[in-house]
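Please look over the structure below.

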Amino acid sequence: MTTKIAIFGVGLIGGSLALCLKGKPGITVVGHAHRPESLKRIEERGVVDAVTLSMEEAAADADFIFLCVPVGLLEDYLQKLTELPLKPGCIVTDVGSTKAAVTACAARISRPGVHFIGGHPMAGSERSGVEAASTLLFENAFYVLTPSPDVPEAAYHRLEQLLTHTKAQIVRVDPVMHDEIVGAISHLPHIIAVALVNQVRDYNDGNGLYRMLAAGGFRDITRIASSDPVIWRDILLSNREVLLGLLKDWNREIEGFISLLEAQNGEGIEVSFQKANQFRSELPERRKGAITSLFDIYIDVPDTPGIIGQIATELGLRHINLSNMQIIESREDVPGVLRLSFRQEGEMERARAHLQSLGHTVYV
Ligand SMILES: NC(=O)C1=CN([C@@H]2O[C@H](COP(=O)(O)OP(=O)(O)OC[C@H]3O[C@@H](n4cnc5c(N)ncnc54)[C@H](O)[C@@H]3O)[C@@H](O)[C@H]2O)C=CC1
Ligand SMILES: O=C(O)C(=O)Cc1ccc(O)cc1
């Protein structure tokens with residue numbers, strides 16, 4: 001007997017889930033595309049066993065249905081599913097970045113024999129589309145599930161069991177609490193990154209040096225501002241109430257700094273930095289959280305023409321995916337330091353071993 005998985009919205013997250021499940025014993029993955037161009041891209045990327053433009057065909061006899069579309073479309077998709085014949089016992093889940101609204105909607109339109117369990121794999125990237133999908137995306141990440149009290153334990157465990165293929169760690173959280181916490185650690189930082197980039201963009205209109213000198217650290221801390229505008233528009237609108245409260249608190253934090261600076265209160269500034277430093281040192285070491293960290297290594301590079309290209313080629317020949325590279329120090333009189341960033345720890349380890357075998361000094 002095969003287990004049929006239907007994935008609606010085969011983009012970054014849907015495509016990555018498909019890759020985790022496709023080819024596993026007894027599993028068939030069918031993707032749903034909302035337009036012919038998407039269907040072609042999904043076929044070309046080969047992440048599913050079959051892909052269709054028909055919602056009915058995708059949902060028919062599915063044991064699990066994953067809704068992986070932008071948050072603003074989730075309720076629409078749930079509604080459309082209620083109009084289709086679904087297999088008795090079917091589990092419907094989603095991957096949206098907010099959980100309160102979709103869980104409430106599912107409760108309103110629930111029907112006997114079909115179980116909705118909200119989900120949020122807390123891993124991703126600023127990229128989108130099926131081309132960016134990866135089998136490794138969820139490895140070691142947290143995967144939040146938000147079942148309502150009326151979901152049978154057996155259904156919850158079936159989903160939990162299926163998700164072991166993602167190698168993520170499942171965490172059960174109340175949907176409202178999910179939105180409050182993820183609002184603070186993911187959605188608010190997103191707004192701050194975007195606001196910061198736009199502030200500097202405005203300054204740059206008057207002086208192009210801003211953009212030129214913003215390489216490196218500024219680019220890193222604002223990476224998430226390059227994310228898909230539609231995906232993030234929907235997240236913000238869906239978590240609006242929580243975010244309005246968080247932004248008021250944020251204003252208070254910033255007002256605090258304004259007061260400290262106006263009063264030239266060095267001691268107060270130091271106390272604020274110390275408190276942040278202390279709390280930050282207590283954050284889990286885990287490398288995968290709501291905002292993805294890159295895995296970095298540093299190597300000394302002699303001041304030899306073409307050396308950077310050689311290193312990139314060496315990694316490319318071994319199919320090691322480099323996410324970013326940056327020269328940290330490059331002066332004629334000192335050797336440079338090159339930072340190489342990888343999305344996966346495994347890639348970083350392979351790069352480190354290979355570059356060491358070529359005689360480079362590598363620091364982590
Ligand atoms: N991007 C990320 O890092 C993460 C995203 N999520 C959530 O996952 C869901 C999907 O996000 P991604 O995979 O990043 O986005 P994506 O843009 O890569 O994929 C979205 C998919 O939905 C499809 N879609 C279906 N109907 C659509 C319509 N009418 N308009 C636009 N697209 C339509 C698109 O064709 C595409 O395949 C969102 O709900 C998002 O909040 C959750 C965790 C991480
Ligand atoms: O690019 C990053 O680091 C992200 O922040 C990815 C991300 C986007 C949305 C989520 O709900 C969870 C993770």
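In this predicted model, a backbone N or O atom of Val10 lies 3.4 Å from an oxygen atom of ligand 1. The table lists this and other polar contacts of the two ligands (a polar contact is a pair of N or O atoms within 3.5 Å; within protein, one must be able to donate a hydrogen and the other to accept it, and residues adjacent in sequence count only if both atoms are side-chain atoms).

| Residue and part | Ligand atom | Distance |
|---|---|---|
| Val10, backbone N or O | ligand 1, oxygen | 3.4 Å |
| Gly11, backbone N or O | ligand 1, oxygen | 3.3 Å |
| Tyr77, polar side-chain atom | ligand 1, nitrogen | 3.0 Å |
| His120, polar side-chain atom | ligand 2, oxygen | 2.6 Å |
| Glu126, backbone N or O | ligand 2, oxygen | 3.4 Å |
| Arg223, side-chain N or O | ligand 2, oxygen | 2.8 Å |

Ligand 2 exposes 340 Å² when taken alone, and the protein buries 93% of that. Areas are accessible areas from the Shrake-Rupley method with a 1.4 Å probe; for residues, only the protein chains shown count as cover. Ligand 1 alone exposes 820 Å², of which the protein buries 81%.

What surrounds ligand 1? Its shell holds 25 residues, and the closest are Leu12, Ile13, Val69, Ser97 and Gly129. A residue counts here if one of its heavy atoms lies within 4 Å. Helix 1 (12-21), strand 6 (115-121) and helix 10 (229-238) are the elements that give two or more residues to this shell. Helices (H or I, at least four residues) and strands (E, at least two) are DSSP runs, numbered from the N terminus. By class, the shell has 14 nonpolar, 11 polar and no charged residues. Ala, Val, Leu, Ile, Met, Phe, Trp, Tyr, Cys and Pro count as nonpolar, Asp, Glu, Lys and Arg as charged, and the others, Gly among them, as polar.

Ligand 2 has Ser97, His120, Glu126, Arg223 and Trp232 among its surrounding residues. Its shell divides into 4 nonpolar, 5 polar and 2 charged residues.

Now the rings. There are 4 aromatic pairs. Rings of Phe, Tyr and Trp (its six-membered ring) pair if their centres lie within 6.5 Å; planes under 30 degrees apart count as stacked, over 60 as edge-to-face and the rest as tilted. Phe257 and Phe273 have ring centres 6.3 Å apart and planes at 40 degrees, so this pair is tilted. Phe257 lies in helix 11 (residues 240-262) and Phe273 in helix 12 (residues 266-281), so the pair ties together parts 16 residues apart in sequence.

Residues are numbered from 1 along each chain as its sequence is written, while chains are lettered from A and ligands numbered from 1 in the order in which they are written. In this predicted model local features need pLDDT of at least 70, side-chain atom pairs count only at pLDDT 80 or more, and totals for chains, interfaces and linings use all residues; side-chain values use heavy atoms, with hydrogens and water left out.
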